[in-house]
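I opened my notebook to write down what I looked up, one topic at a time. Here is what I was working from.

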Amino acid sequence: MATMKDDVLAALAKVPSPDGKPLTQTDALSEIVATDGKVFFSITAEAAAVKQWESVRERAEAAVRAVSGVKSVMVALTAERAGGGTPRSQAPPQAARSPGAPSQGARSQMPAQSARPPGGGPAAPTGIPGVESIIAVASGKGGVGKSTTAVNLALGLRDLGLKVGILDADIYGPSMPKLLAIREKPETIGGTRLKPIVRHGMPVMSIGFLIEEETPMIWRGPMVMSALTQMLREVEWGTLDVMVVDMPPGTGDAQLTIAQQVPLRGAVIVSTPQDLALIDARRGIAMFRRVNVPVLGIVENMSTFICPKCGERTDIFGHGGARAEAERLGVPFLGEVPLDIVIRENSDAGKPVVATAPDGPHAQAYRDIAARVRDGLQVASRPAPKIVIET
Ligand SMILES: Nc1ncnc2c1ncn2[C@@H]1O[C@H](COP(=O)(O)OP(=O)(O)OP(=O)(O)O)[C@@H](O)[C@H]1O
Ligand SMILES: [Mg+2]
């Protein structure tokens, strides 16, 4: 029995590429992902030929939409410069297809996204219409609490009166379904655009909303970028002051590409206090500086353990390491969050502490961090001092 993927491929075989060859016989077509009536794939074109490929993309989308059982289809056109070597993220990713919703400047005092510090390095990617500032929450090391920080920081920014959205950029290990207890699937608008899920007044998007948890994520490189591009540009984010991006762990090529693909205004680095995590945090800082994204500062997570029974304070991973490191690197120290079972239990149960215990000390710690991030965004467009980082 033919699967939906087979039917999709058969439909795409009838779509000619610019040189007349069926799309399925070109290298441009990525893996096809078809789950639950939702179809995703990307077409990779050379930047110079992007115009011709845009009509191929449109025809491909229409052809797949006509396949029986297909409820929605998303086709991303990612462009690549001739000669290889240049990251595909440097080409304009589908900006022309974004809705023309103007950014409402009066809405906030945040600087516009296009203002990146001057200097060499790759050109900034196109912004998202209606979204003032996009910030990444990142770390070199896994499991240090990036996703927990991202959610609570987003809520802290919301509590400061900003309009905030959350994008889960961890394509391989999305966290937002769990951290925000989201089980519903996003609705589509007109078959191509997605409505984000709204939680605690914030629009949220994660690949985890579209794909079952058990589905193996065998994405090829372009597919990862394609999924990210779609979540950035084919989702009705509305008007936002800040979009908080929860980054996947690491500082490898994948993270670098995301840092380049997403038009970031700044990065928040999360680290535990111990030396090993700090080395990774340093790598993270170096990575963002390489792509000219201002580092808004470091958060020390799992900073101190206060025994819930006796109140005794124990510095399980040490204490203060991130503050000292921030000073050494000349980046702001944004604050510390203790290691507390309340944070873990609530977080893992989909009840982020800033939303569910807003009067507690943890919520206050996150709100203080949020205030420093907001302040940092206002100065981030100034060029950073030149600092040599050993990695
Ligand atoms: N301050 C904290 N106190 C106690 N537990 C915490 C704290 N911060 C995070 N955790 C817990 O640590 C675990 C890892 O956190 P989280 O998923 O946020 O890390 P991550 O850096 O995003 O991980 P990954 O690298 O896998 O994306 C989770 O179970 C979370 O609840
Ligand atoms: Mg995470």
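**Entry 1: Pro186**

Which residues does Pro186 touch, not counting residues up to four places away in sequence? I found Lys38, Leu194, Lys195, Ile197, Met205, Phe209 and Leu210. A reminder to myself before going on: this is a predicted model.

Next I checked where Pro186 sits, and it is in the loop between α4 (176–179) and β6 (188–189). Is Pro186 buried or exposed? The cut-off for buried is under 20% relative accessible area. Pro186 has 5% relative accessibility, so it counts as buried.

I also picked out one partner from the contact list, Phe209. Pro186 and Phe209 are 23 residues apart along the chain, yet their C-alpha atoms are separated by 6.9 Å.

**Entry 2: the whole chain**

I stepped back to get the overall numbers. The chain has 391 residues, and 54% of them count as buried. Its secondary structure comes to 11 helices and 14 strands.

How much of the contact list comes from residues 24 or more positions apart? Looking at contacts in the chain with a separation of 6 or more, I got 75%. For the surface, I noted an accessible area of about 16400 Å², with 53% of that belonging to carbon and sulfur atoms.

**Entry 3: Asp170**

Asp170 was another loop residue on my list, and I located it between β5 (164–168) and α4. At 10% relative accessibility, it falls under the cut-off, so Asp170 counts as buried.

What does the side chain of Asp170 reach? I found the backbone nitrogen of Gly173, at 3.0 Å. Leaving aside neighbours within four places in sequence, Asp170 is in contact with Ile207, Asp246, Pro248 and Pro249. I looked up the distance for Pro248: it is 78 residues from Asp170 in sequence, but C-alpha to C-alpha the two are 4.4 Å apart in space.

**Entry 4: Thr26**

Thr26 is in a loop too, the one between α1 and β1 (33–35). Its relative accessibility is 16%, so Thr26 counts as buried.

I then followed its side chain. A polar atom there lies 2.7 Å from the backbone oxygen of Leu23, and the side chain of Thr26 also reaches the backbone nitrogen of Ala28, at 3.3 Å. Not counting residues up to four places away in sequence, Thr26 touches Ser17, Lys21 and Trp53.

Which residues of helix α1 (residues 4–12) are buried? I wrote down Val8, Ala11 and Leu12. They cover an arc of only 95° around the axis, so they sit on the same side of α1. I wanted to know what covers these buried residues, and the list includes β2 (38–46) and α2 (50–65).

Just after α8 comes Gly330, which takes a positive phi of about 75°.

**Entry 5: around ligand 1**

How many residues surround ligand 1? I got 19, and the closest are Gly143, Lys146, Ser147, Thr148 and Pro338. By class, the shell has seven nonpolar, seven polar and five charged residues.

Which elements supply at least two residues each to the shell around ligand 1? They are α3 (146–159), β12 (295–306), β14 (333–339) and α9 (341–348). The largest share, four residues, comes from α9.

I finished with the distances to single atoms. An oxygen atom of ligand 1 is 2.8 Å from a polar backbone atom of Gly143. An oxygen atom of ligand 1 is also 2.8 Å from an N or O atom in the side chain of Lys146. A nitrogen atom of ligand 1 lies 3.0 Å from a backbone N or O atom of Asp340. As for cover, ligand 1 has 630 Å² of accessible area on its own, and the protein covers 81% of that.

Notes
Residues are numbered from 1 along each chain as its sequence is written. Chains are lettered from A and ligands numbered from 1 in the order in which they are written. This is a predicted model: local features need pLDDT of at least 70, side-chain atom pairs count only at pLDDT 80 or more; totals for chains, interfaces and linings use all residues. Side-chain values use heavy atoms; hydrogens and water are left out. A residue is near a molecule or strand if one of its heavy atoms lies within 4 Å of it. A polar contact is a pair of N or O atoms within 3.5 Å; within protein, one must be able to donate a hydrogen and the other to accept it, and residues adjacent in sequence count only if both atoms are side-chain atoms. Accessible areas come from the Shrake-Rupley method with a 1.4 Å probe; for residues, only the protein chains shown count as cover. Ala, Val, Leu, Ile, Met, Phe, Trp, Tyr, Cys and Pro count as nonpolar, Asp, Glu, Lys and Arg as charged, and the others, Gly among them, as polar. Buried means under 20% relative accessible area, exposed over 50%, partly exposed in between (1.4 Å probe, protein chains only). The arc is that of the directions from the helix axis to the C-beta atoms. Contact means heavy atoms within 4.5 Å.
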